[in-house]
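Visitor: I would like to learn how to read a protein model one feature at a time. Could you take me through this one slowly?

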Amino acid sequence: KILILDFGSQVTQLIARRVREAKVYSEIHPYDVSDAFIREFAPKGIILSGGPSSVTEGDTPRAPQAVFEAGVPVLGICYGMQTMAEQLGGKVQSSSHGEFGYAAVRAHGHTRLLDGIEDYQTAEGHGMLDVWMSHGDKVDAMPTGFKLMASTPSCPIAGIADDERGFYGVQFHPEVTHTKQGAALLQRFVVDVCGARADWEMGHYVDEAIAKIREQVGDEQVILGLSGGVDSSVAAALLHRAIGEQLTCVFVDHGLLRYREAEQVMKTFGDHLGVKVIHVDASDVFLGKLAGVTDPEAKRKIIGREFVEVFKAEAAKLTSAKWLAQGTIYPDVIESAGHGKKGASKIKSHHNVGGLPEDLQLKLVEPLRELFKDEVRALGIELGLPAEMVHRHPFPGPGLGVRILGEVKREFADLLRRADAIFIETLRDFVDEKTGKSWYALTSQAFAVFLPVKSVGVMGDGRTYEYVVALRAVQTQDFMTAHWAHLPHELLGHVSNRIINEVRGINRVVYDISGKPPATIEWE
Ligand code: XMP
């Protein structure tokens, strides 16, 4: 196993992820673990992460001495390289202008770490790597025993190597995907240089996670807010596997869910997996509170607040529960930390169903905290959840509440649900010839939006005066920016026909061709 020491970088979990991808087991621990801990851990190799500090200032983090005395390979990344260089007798200089973003790094000499790993060669035959740099300080004198492994014009010592001891440092970030050969480099390190066994699989993650959950909660009762989304579903399945009857899920139906969603959730979890699920139909309460409210933020707040109220009331009935389980995944952890730091301007108050009611006085268990979305999906499959559920598009906490523009009414929700189901069904049915994938798989998020305006149409011999539905389908990596999906006209025509013919009350369908920015993905 590999020990990753965390110096506070935002992307330390990505290192662990890349190591997992190389099928090697790793654990992340804070940089200030004791020497004894390291000896006991007996790692095959150690990776020092990046971090926000500067080694040129006195009181900043350093690696425990045992790291360099354990007799195993060490890879320092960014700050990790700097502290390694400094601790082993090299020099680090703080520079007034850092380097952030893409850089082309030239590889030097032959090192066990980089040999044969390159993106292209220069005319002179130098191996080059496209990497992601992010640093202020840089190493300006190597410790003895090291040779130069990589450089850029503005960072002459961008990589150092001591093949003898297996000590390496890189100023760039191999863990991010912008560094094209990053995964190859990390794999080279953990498998070839460290000789770690490459036999780790998601199945092992399940065993590890189960052991951890059991140790954490013991024989106490746990409650979990199940939303039907991927994260809470996988968390529920995992907890159920770990603690069975000690888990009770609360599924709050606010009346703004997708077509037959409640039914599906109850079937999958209740009937199929045998999980204890309490289905709370609170649609009357939610729709009652929403009556007459048209402002999007006000609607979000009401739904968020009411959700917490309903959940709390249910939790209060489960007097023996000591733990609240949540499907928090790693990007959520980063996002909330990032927001606190940057005070990013609030575009929409994203409320996540399942947001922690703090005064519940329950202890928190979050078994997915270290995983990325696609890993959560793989875990879901491993746990036997239906592929369809695991690969579902995201759905906002306030649900159809923000997809019915203006005032929310049950009648509108019913119309929208059916139109939306037709759209989704069609996306699943239409396969793109080039890729062989369905349009559902080719889009990141797709849904229908209810517009509370009426327009004139004809049906048979009669004039109609009915509502409009807009279709939205986007492609995106991170949901921060998005392109509208270029759906085939045939598909759009088919959906439009079906909606107008099958959903009485809607006589017009339009397609949203706005990108984000300037539009957002949701309409409210
Ligand atoms: P926007 O509309 O901001 O959406 O471009 C970006 C992503 O966030 C989802 N979204 C929400 N999710 N509660 C949620 O849990 C919310 O209030 C909320 N608003 C937007 C949206 O569906 C998209 O995936």
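Visitor: What should I know about the model and its numbering before I start?

Guide: Residues are numbered from 1 along each chain as its sequence is written. This is a predicted model, in which local features need a pLDDT of at least 70 and side-chain atom pairs count only at pLDDT 80 or more, while totals for chains, interfaces and linings use all residues.

Visitor: What pLDDT does the chain average, and where is the pLDDT below 50?

Guide: pLDDT is the predictor's confidence in each residue, from 0 to 100. The chain averages 92, and 95% of the residues score at least 70. Over residues 338-354, however, the pLDDT is below 50, although this stretch has 18 contacts in the model beyond near neighbours in sequence (a contact means that two C-beta atoms, placed from the backbone, lie within 7 Å). Where pLDDT is low, the predicted coordinates should not be read in detail.

Visitor: Which domains does the assignment give?

Guide: Domain bounds come from an automatic or database domain assignment. Here that assignment gives domain 1 (2-193), domain 2 (202-390) and domain 3 (403-511), and the centres of domain 1 and domain 3, taken over C-alpha atoms, are 49 Å apart.

Visitor: How many residues has the largest nonpolar core, and where does it lie?

Guide: A nonpolar core is a set of buried Ala, Val, Leu, Ile, Met, Phe, Trp, Tyr and Cys residues joined through C-beta atoms within 7 Å. A residue is buried if 20 or more other C-beta atoms lie within 10 Å of its own, exposed if 12 or fewer, and partly exposed in between, with C-beta atoms placed from the backbone. The largest core has 81 residues, and Val 222 and Ala 419 are among those with the most contacts inside it. Helix α7 (residues 230-243) gives the most to this core, with nine residues. Domain 2 and domain 3 both give residues to this core, so it lies between them. Apart from it lies another core, of 60 residues, including Leu 5 and Phe 189.

Visitor: In what order do the five strands of the open sheet come?

Guide: Helices (H or I, at least four residues) and strands (E, at least two) are DSSP runs, numbered from the N terminus, and two strands pair if DSSP finds at least two bridges between them. The order in this sheet is β13-β12-β11-β14-β15, with parallel pairing. Because β13 (276-281) and β15 (363-365) each have a single partner strand, they stand at the edges, and one side of each is left without a neighbour in the sheet. Strand β12 (residues 247-253) is joined to β13 by six bridges, and Asp 253 has Asp 281 as its bridge partner in β13.

Visitor: Is strand β9 largely enclosed or open, and why?

Guide: Seven of the eight residues of β9 (residues 155-162) are buried, so the strand is largely enclosed by the rest of the structure. Strand β8 (residues 147-152) runs antiparallel to β9, joined by four bridges, and these two strands form a hairpin with two residues between them. β9 also forms a hairpin with β10, with four residues between them, and Gly 166 in that turn has a positive phi of about 75 degrees.

Visitor: Is Asp 207 buried or exposed?

Guide: Asp 207, found in helix α6 (residues 202-217), is exposed, with 10 other C-beta atoms within 10 Å. Asp 207 and Leu 238 are 31 residues apart in sequence and 9.9 Å apart in space, C-alpha to C-alpha.
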